[in-house]
Amino acid sequence: MDEHLLDDLALNNGLKEVDSRLKLLLGLGAILICVFSPSPVTPLIIAASMALIIVGLAEIPPQEYARLLLIPVAFAVTSCIVILFLSGGGEPLYTVSVLGFTLTATTASANLSLLLMARTFGAMSALFFIALSTPMIQVFSVMKDLRLPQEFIDLSMLIYRFIFIFIGEAIAIHNAQVMRNGYAGFRKSVDALSMLCGSLFIRAWGRGEEMLIAMDARCYDGKFETGTEEHPVSLLSLAAVGSYLAGCSILSLLFSGAVLFP
Amino acid sequence: MKTDNPALEFDGVEYAYPNGPVSLNVVSFSLSSGSKIALVGPNGAGKTTLLLMCNGILRPDRGKVRVHGRPLSYDRAALREIRKRVGFVFQNSENQIFAPTVYQDVAFGPVNLDLPSGEVREAVHRALFSVGLSGFEKRPPHHLSGGEKKRVAIAGVLAMDPDILVFDEPTSSLDPATAAEIMDLLDELNSQGKTVIISTHDVQLAYSWADQVVLISEGTILHQGTPASVFTDPDLMNRARLTIPPVLELFMTLRERNIRLGDVPPAGIPEMAHQLEQAIGCGSRRTAGHIFVVDAESVSGEDIRLRAAERSITHIGAMGTPAKILAGTAEIPLDFTYGVIDKCLLKAVMGEDTLIITSGGMIERVHHRILSFSREHGIEIPVSDLDGQTSPVS
């Protein structure tokens, strides 16, 4: 089922037995390095190494990973094209005229858009590493370790559970509408979508009421079990994560001056 | 299993939903402890309303609900106590399972009963084991099948160790095999001494499964009695918008056509088949097959497999979680995993030897069923364990 794709992949990934704090440290560390890196080199190295880790260690099928990555990359590419032609400075490289406007790409704008592209790509890869290697359930137990408020964790858990119920309901309603010609034409689509939203809201409300009864029937007294996991952190993996992050930081210092058009 | 002291009593209960029509109208009945009760009625008869009163979710406008002789009171502490004793399994398991993992959901009740964490873990493992889902602790509910979700919902209730279990439409939206397995699980829970109440409009299910049937229609109780007494009354069935269970209907139709069947309505296919055989007069004189019954908790799987091969037993069935786990680990090929006793009886009548692996209180249930079948039909079906030791019950 496609609506469960990310969750399915994360639950069966090759790194699921690894301590989730370590995975979050690696992912968040890499994101920060990407965002602060002054040159496009380090983020691209991070993107490449994350791809290797995700496909090699987490055993995510390469075509699935490529398909997932395509979504944010498509956004990033379009934004970078806009920046390439709209920001200025440096020598002009290329000029086009669109509807009477003259758009010019310069060396500085090329540098900037490449840097942005690399940062987004690298950070997205690191974010996908977290999403694909750490099931949500493990994130909850990290939240607990971080002493986040219990109410916040309880709510997140309920929300996580209900996302899938709502996706299921929405798909069911959508199918029922499509089967009766609901989305044929723009006007009908707007009508159908508004009905979908309306009935989803009412169903959500009903579900909430029913859940309260279900909780009451099991003596709800404000307590919620937070799953705990015991995966000992091996020194070797901690060292590997540490040296990876340190290596990336050093690289980004070394290449701090590296640009496409100096 | 059944005792005479009532587990649950409704005394003149009336209820109307706010701004709604009367949903229950002077409902009185009493259900004996340790029995299997089916609440049968058409859609909108008030079955769910009635069940929701068993653990104080709904409060009757008039009348009393008594659990083990004590009238329900509706303050917080009393409700907690009653909800611990009366477990409620919802029709739609999706509504009942709200935690992100199976473990967390099953632990919900015990945690809210303030059990220490060690006991919570123990209760969860025990509950998951008894529904046959050990090892599913970390799975999120949206990765489970319908039958598995139902089992998780049941485990969530069992973890609080209630002695009355209430199931609203336990088999709705399950495939037939899964539904039969869930009903076997209910039997297993009943054999552990729990009173089990289900609501259903599946007449065949109610007829073959229940000790007691409460027939409800338009908010009033039409009849309470044994399944045979309820389902053989066409007038009653009509009024309750129900149909007569197929086995019974066949029995009644054949009798109307002057085919001489027995006086006792058949409890299931084995009885019906036998009565027909007798009536047509080709009642064969072949010797009945042997039914071996082994206790999954006292014999090793390896042993069972070897001995079954030695005795060239052709059909093997397993009842209950311990037996199924044993058969799984010892790689014993199972022919029957649900409706086991009836299927083995049919084979036995055909002269084939069968083996039933089971455990606990269900051993007695197997012996009891086979014995009453033999008595009723005058067929001697030998029952023993693999050593030839015969029945522990008379």
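Which residues in α5(B) are buried? They are Val120(B), Ala123(B), Val124(B), Ala127(B), Leu128(B) and Ser130(B), where buried means under 20% relative accessible area, exposed over 50%, and partly exposed in between, with a 1.4 Å probe and protein chains only. Seen down the axis of α5(B), these buried residues fall within an arc of 165°, so they line one face of the helix; the arc is that of the directions from the helix axis to the C-beta atoms.

This is a predicted model, in which local features need pLDDT of at least 70 and side-chain atom pairs count only at pLDDT 80 or more, while totals for chains, interfaces and linings use all residues. Residues are numbered from 1 along each chain as its sequence is written, chains are lettered from A and ligands numbered from 1 in the order in which they are written, and side-chain values use heavy atoms, with hydrogens and water left out.

**Helix α5 of chain B**

Helices (H or I, at least four residues) and strands (E, at least two) are DSSP runs, numbered from the N terminus. Helix α5 of chain B covers residues 117-130, and at 1.5 Å a residue its 14 residues should span 20 Å, which agrees with end C-alpha atoms that are 20 Å apart; the expected span is 1.5 Å times one less than the number of residues. The cover over the buried residues of α5(B) includes α4 (102-112), α6 (146-158), α7 (176-191) and α14 (321-329) of chain B. Just after α5(B), Gly132(B) has a positive phi of about 80°.

**Domains and interface**

Chain B is divided into domain 1 (6-239), domain 2 (246-280) and domain 3 (291-384), with bounds that come from an automatic or database domain assignment. The C-alpha centres of domain 1 and domain 2 of chain B lie 33 Å apart, and seven residues of domain 1 are in contact with seven residues of domain 2, contact meaning heavy atoms within 4.5 Å. Buried area is the accessible area (1.4 Å probe) that two parts lose on being put together, summed over both. The table sets out this area for two pairs.

| Pair | Buried area | Share from carbon and sulfur atoms |
|---|---|---|
| Domain 1 and domain 2 of chain B | about 540 Å² | 70% |
| Chain B and chain A | about 3000 Å² | 60% |

Of the area that domain 1 of chain B buries against domain 2 of chain B, Gln204(B), Tyr207(B) and Thr232(B) supply 75%, more than any other three residues. The contact between the chains takes 36 residues from chain B and 32 residues from chain A; in chain B, Phe98(B), Phe108(B) and His142(B) lose the most area to chain A, together 23% of what that side buries.

A salt bridge is a side-chain nitrogen of Lys or Arg within 4 Å of a carboxyl oxygen of Asp or Glu. The count is zero between domain 1 and domain 2 of chain B, whereas five are found across the interface of chain B and chain A. Arg161(A) forms a salt bridge with Glu94(B), their closest N and O atoms being 2.8 Å apart.

**Single residues**

Met143(A), in helix α6 (residues 136-145) of chain A, is buried, with a relative accessible area of 14%. Not counting residues up to four places away in sequence, Met143(A) touches Leu148(A), Phe152(A), Ile153(A) and Ser156(A). Thr195(B), in strand β8 (residues 195-200) of chain B, counts as buried at 2% relative accessibility.
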